[in-house]
Amino acid sequence: MIIKKREIPLSIQKLQALHRRIPKQHPKQPVIKENLAKRLAGYKGEHSIDYPISFLPEKNYFILHDVRLFDSMHYFQMDSLVLNQKFVLILEVKNNTGSLYFDQAFHQLIRTLDGQKEAFPDPLLQIQRQEQQLKKWLVHNHLPEIPILSLVVISNPYTLLQSSPENKLIHQKVIRSEFLPMKINQFEEEYQADILSQKELKRIISKMKKQHSPVDQNMLEQFELTKEDLIKGVFCPACDYLPLRRIYGTWYCPQCTCKNQSAHIGSIKDYQLLLGPTFTNSAMRDFLQISSPSLMTRLLQSMDIPYAGTRKGRIYHLVQEE
């Protein structure tokens, strides 16, 4: 049973908004585009394990995707968690292409692609640390102990995996995504006794959902940009063109000729992602390039956005979607 669905991470949503709002010729645009492409590839890889996981019996397993918790000292993020009454399984998904060599002498992952070698952090160290942090989180929250297992899942079926023959841990900890259901069945045979009651398991899951804390980075600060670097106006939901024109009560795109009455909603979301959830009528008018205060008020009222204050002192606050 999927308890927490996999959704587009907030970091990707922010990068998409930034990519859309920064001029194509801006010197920071290439690094923004590269960063977005890497995150989208990782997200695609994480999504690829949803199919093999779907073969697990729903009544026996609880699945939580993209969970970030605080162990009392550090935050730690896990791509997916598989829980039952016998064990908790951490899944770290890798979507690298090319050839991967697991170098345990220097604890690094070496990728070879198009004749070029590149080093990455050791995913085996990563899942080992995640195990320790999850154990610490359970203790910190006064939750019962349970065996914590972990796997590195390679989602790309065409990736070549290599390691030195003596690295036995690689064969136990690194698997391809299509083998995941069989590997979990092996764990079931190894851990046959129920450690937790249904009530205790549900309590752990409830705590995880409640304490999940997604990364919320300021993208302008990360890329050393300012509000003045952003393109203002309402973007086209069909082709991302900026800015749309307001004609006879609707938004018109001069590039693809699309007409849309609610195109401003996506641009207000861009404001939230890049500049924060709180704003005034004047600030949003400037961002959307709307000259009429009354029109801006009507658009905000139609979205039923919470606010405090009256008239010119009114402050709106967008609520982050779950």
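This is a predicted model: local features need pLDDT of at least 70, side-chain atom pairs count only at pLDDT 80 or more; totals for chains, interfaces and linings use all residues.
**Entry 1: strand β8**

I began with β8, which covers residues 148-154, and asked how many of its residues are buried. The count is seven of seven, so the strand is largely enclosed by the rest of the structure. I then looked at its two faces, since in a regular strand the side chains alternate between the two faces of the sheet. On one side of β8 I found Ile148, Ser150, Val152 and Ile154, and on the other Leu149, Leu151 and Val153, all of them buried.

Next I looked up the neighbours of β8. Strand β4, residues 88-94, runs parallel to β8 and is joined to it by seven bridges, and within this pair valine 93 stands opposite valine 153. Strand β10, residues 174-176, also runs parallel to β8, with three bridges between them, and here valine 152 stands opposite valine 174.

**Entry 2: serine 155**

I moved on to serine 155, which lies in the loop between β8 and β9 (160-163). Is this residue buried or exposed? Its relative accessibility is 8%, and because buried means under 20%, serine 155 counts as buried. Its side chain makes a polar contact of 2.9 Å with the side chain of asparagine 95. Leaving aside residues up to four places away in sequence, I noted that serine 155 touches Gly45, Ser48, Val93, Lys94, Asn95 and Ser177.

**Entry 3: the nonpolar cores**

I then looked for the largest nonpolar core, which has 37 residues, and found that Leu18, Phe279, Met284, Leu288 and Met296 have the most contacts inside it. The elements that give two or more residues to this core include α1 (10-21), α2 (29-47) and α9 (263-275). A second, separate core has 21 residues, among them Phe76, Leu81, Leu143 and Ile146.

**Entry 4: the largest pocket**

For the largest pocket I noted a space of about 1700 Å³. Its lining is made of 43 residues, and those nearest its centre are Pro9, Ser11, Glu46, Asp66 and Gln77. Which element gives the most to this lining? It is α2, with seven residues.

**Entry 5: a three-stranded sheet**

Last, I looked at an open sheet of three strands, which lie in the order β14-β16-β15 with antiparallel pairing. Its edge strands, β14 (278-279) and β15 (307-308), each pair on one side only. Two bridges join β15 to β16, residues 315-317, and I noted that alanine 308 has isoleucine 315 of β16 as its bridge partner.

How values were computed. Residues are numbered from 1 along each chain as its sequence is written. Side-chain values use heavy atoms; hydrogens and water are left out. Two strands pair if DSSP finds at least two bridges between them. Helices (H or I, at least four residues) and strands (E, at least two) are DSSP runs, numbered from the N terminus. Buried means under 20% relative accessible area, exposed over 50%, partly exposed in between (1.4 Å probe, protein chains only). A polar contact is a pair of N or O atoms within 3.5 Å; within protein, one must be able to donate a hydrogen and the other to accept it, and residues adjacent in sequence count only if both atoms are side-chain atoms. Contact means heavy atoms within 4.5 Å. A nonpolar core is a set of buried Ala, Val, Leu, Ile, Met, Phe, Trp, Tyr and Cys residues joined through side-chain atoms within 4.5 Å. On a 1 Å grid over the protein atoms alone, a cavity is a set of points where a 1.4 Å probe fits but cannot get out, and a pocket is an open set with protein on both sides within 12 Å along at least five of seven lines; lining residues have an atom within 4 Å of a point. Grid points are joined across faces, edges and corners, and a volume is the space filled by probe spheres set on the points.
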